Amino acid sequence: MNPALLPMEPLAPDRKSAVTLAASKLPRSSAELECAFDVNDLSVWYGAKQTIFDTEIQLPAKSVSAIIGPSGCGKSTFLRCLNRMHELIPNARMTGSIKLFGDDLYAPTVDPCLVRRRVGMVFQKSNPFPTMSIGENVIVGLRLNGVRNRSFLDERMEKALRMAALWDEVKNDLNRPGISLSGGQQQRLCIARAIAVEPEIILMDEPCSALDPIATAKIEELIYELKKDYTIVIVTHNMQQAGRCSDFTAFFYLGRLIEFGKTEKIFTNPNEKRTEDYITGRFG
Amino acid sequence: MTGTFSKWRKVKSGLVSALCFLCAALVISPLGLVFFHLLREGASSVNWNFFTSLPKPVGEPGGGMANAIAGTFELLGLAACIGVPTGVLGGVYLSEYGNARTNWLLRFICDILNGVPSIIWGIVVYGLIVLQTKTFSAYAGGVALGFIMIPLIIRTTEEVLLLVPNGYREAALALGIARWKMTVHVVLKTALKGIVTAVLLALARVAGETAPLLFTAFGNRFWNHSLRDPVAALPLQIFTYAISPYDDWHRQAWAGALVLVSMIFVVNVAVRMLTRSRSVMAK
């Protein structure tokens with residue numbers, strides 16, 4: 001992907017909307033935590049249609065940030081901007097800046113592949129590679145990035161599968177096809193695949209929406225475990241899930257960030273009426 | 001009232017079913033007739049000799065089409081060398097890289113090329129190679145067949161690759177894997193069976209072509225020892241024998257036709273079995 005495809009317009013302060021100003025006036029909920037993503041003035045278009053408007057947000061490190069909002073509010077688009085996956089959609093275009101621990105992810109010299117090595121992703125629909133075994137699925141990211149050392153790969157495979165709480169279930173079947181697992185196991189396999197390359201961040205795009213409550217509970221436990229080592233950003237439609245497993249919550253509505261703060265605060269005493277209406281189920 | 005109504009409805013339903021059955025039978029019957037006729041006329045002349053010996057002069061009993069069978073495989077090999085890499089890579093370009101406008105143009109061109117009568121390809125290669133080298137040759141025939149394969153394989157490869165769910169591409173790219181590695185190790189690997197099928201079907205299609213070989217490979221009554229010499233091919237030999245006035249040559253032509261149709265039949269059945277055992281997507 002050619003970085004030149006994405007015109008980086010200089011930041012235009014006069015374009016800041018009231019919402020952005022409101023957002024920037026938020027108390028730095030991440031004050032005690034290091035900031036992982038620093039997003040400034042992010043706007044995204046698909047063709048002529050703008051889907052994200054002047055968003056400004058700081059996502060703290062080593063914690064779980066949930067992104068909630070009704071369908072079509074730009075949650076997934078926002079998430080995909082964080083590892084430059086939105087560039088894969090033809091006609092997608094963005095302005096603004098996203099910094100990861102101070103590094104500009106959209107600087108013209110930055111290779112999107114390297115961004116995605118640092119920022120892994122788990123998708124809504126579990127997608128283990130159908131031609132690969134369970135074991136191969138886990139290490140494919142390392143192998144195709146040039147790692148050849150077999151013992152190192154095996155070590156990483158076990159470590160990733162253990163972290164994904166899948167090792168005990170599959171350790172005797174590592175050569176079986178990845179798609180022979182159940183839906184919940186497949187999703188944990190995808191998480192193992194994402195953490196095997198040891199990224200700094202894991203993005204999750206509605207990882208439980210196709211799973212039953214038991215498999216969902218396992219993934220949520222896993223998220224709780226993973227935040228010791230990783231920064232996690234999770235998009236979810238399930239408000240209870242956001243409440244259960246996130247430390248911070250961002251509420252998006254119609255492409256704008258309405259409110260961002262500690263999850264307890266957002267769920268019990270939000271600043272914005274719209275946040276409260278959405279959370280209490282009055283719309284969306 | 002309900003009685004007559006339901007009766008009439010049953011009659012209509014029966015009529016439509018019968019019509020559909022009739023049309024299906026019409027579609028299938030030519031294959032059955034051709035195969036049956038070939039068996040009746042040709043089976044008696046297909047024997048060990050047919051596969052192992054060279055054609056005999058008129059009037060001499062025995063003789064076979066060993067050189068033509070070998071020649072057909074030789075030509076198919078040459079055609080595959082040209083058609084498979086170009087076709088598969090072209091299909092990869094269409095499905096993975098091209099933008100909407102160039103893709104539209106490429107597809108349009110491929111579809112036109114697929115409709116070009118095969119004798120035109122013969123003439124093109126005659127002008128490009130035979131006239132330049134001043135001799136009919138095996139590789140001219142291979143090039144002609146390869147040209148026919150290219151647009152066929154491009155289109156089928158593209159369609160098979162488009163069946164690979166986008167989720168696999170995204171999953172690979174999200175691991176920081178470079179795009180070309182993703183294409184080779186994930187997309188092509190996932191669609192491998194479909195591509196093999198496409199290639200085999202294209203080979204089966206050109207195996208029966210006669211027209212493009214008439215003035216490229218030309219035909220040969222003896223073994224072919226060099227790619228620069230004319231080479232025999234089953235369809236060519238059948239053509240030559242069928243238009244001859246000799247009865248024993250006619251019988252040989254029937255036998256050749258039977259062998260050719262059986263070969264294509266076997267390839268098609270093999271492809272069906274290959275794709276049925278595990279579907280294209282393996283899912």
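Against which helices of chain A do the buried residues of α4(A) pack? In this predicted model, local features need pLDDT of at least 70 and side-chain atom pairs count only at pLDDT 80 or more, while totals for chains, interfaces and linings use all residues. Residues are numbered from 1 along each chain as its sequence is written, and chains are lettered from A and ligands numbered from 1 in the order in which they are written. The buried residues of α4(A) pack against α5 (150–163), α6 (167–170) and α7 (183–196) of chain A. Helices here are DSSP runs of H or I with at least four residues, strands are runs of E with at least two, and both are numbered from the N terminus.

Helix α4 of chain A, residues 134–143, is mostly covered, with eight of its ten residues buried. A residue is called buried if 20 or more other C-beta atoms lie within 10 Å of its own, exposed if 12 or fewer do, and partly exposed in between, with C-beta atoms placed from the backbone. The buried positions in α4(A) are I134(A), G135(A), N137(A), V138(A), I139(A), V140(A), G141(A) and L142(A). Over chain A, buried residues make up 49% of the 284 residues. The secondary structure of this chain comes to eleven helices and ten strands.

Two strands are taken to pair if DSSP finds at least two bridges between them. Strands of a sheet pair through backbone hydrogen bonds, either parallel or antiparallel. The hairpin of β1(A) and β2(A) has two residues between the strands, and G47(A) takes a positive phi near 60 degrees in it.

Two other residues deserve a look for their backbone angles. Most residues other than glycine have a negative phi. D41(A), although not a glycine, has a positive phi of about 50 degrees, and this residue is found in strand β1 of chain A. D41(A) counts as partly exposed because it has 19 C-beta neighbours inside 10 Å. A165(A), also not a glycine, has a positive phi of about 55 degrees and is placed in the loop between α5 and α6 of chain A. With 18 C-beta neighbours inside 10 Å, A165(A) therefore counts as partly exposed.

In chain B, helix packing can be followed through α6(B). Axes are lines fitted to C-alpha atoms, for helices over the stretch in contact, and angles run from 0 to 180 degrees between N-to-C directions. Helix α4(B), residues 100–115, and helix α6(B), residues 138–162, pack at an angle of about 130 degrees with their axes 8 Å apart. The two helices α4(B) and α6(B) are therefore oblique to each other; angles under 35 degrees count as roughly parallel, over 145 as roughly antiparallel, 65 to 115 as roughly perpendicular and the rest as oblique. α4(B) passes α6(B) in a left-handed crossing, where left-handed says that the near helix is turned anticlockwise from the far one by less than a right angle, and right-handed that it is turned clockwise. C110(B), L113(B) and N114(B) of α4(B) meet P151(B), L152(B), I154(B) and R155(B) of α6(B) in this contact. These residues divide into five nonpolar, one polar and one charged, with Ala, Val, Leu, Ile, Met, Phe, Trp, Tyr, Cys and Pro counted as nonpolar, Asp, Glu, Lys and Arg as charged, and the others, Gly among them, as polar.

The axes of α3(B), residues 66–97, and α6(B) come within 6 Å and cross at roughly 30 degrees, so α3(B) and α6(B) are roughly parallel. Their crossing is right-handed, and the residues of the contact divide into 19 nonpolar, ten polar and three charged.

Finally, 18 residues of chain B are in contact with 22 residues of chain A. On the chain B side, α7 (166–174) and α8 (179–190) are the elements that give two or more residues, and α7(B) provides the largest share, six residues. This side divides into ten nonpolar, four polar and four charged residues.

Technical notes. Contact = placed C-beta atoms within 7 Å.
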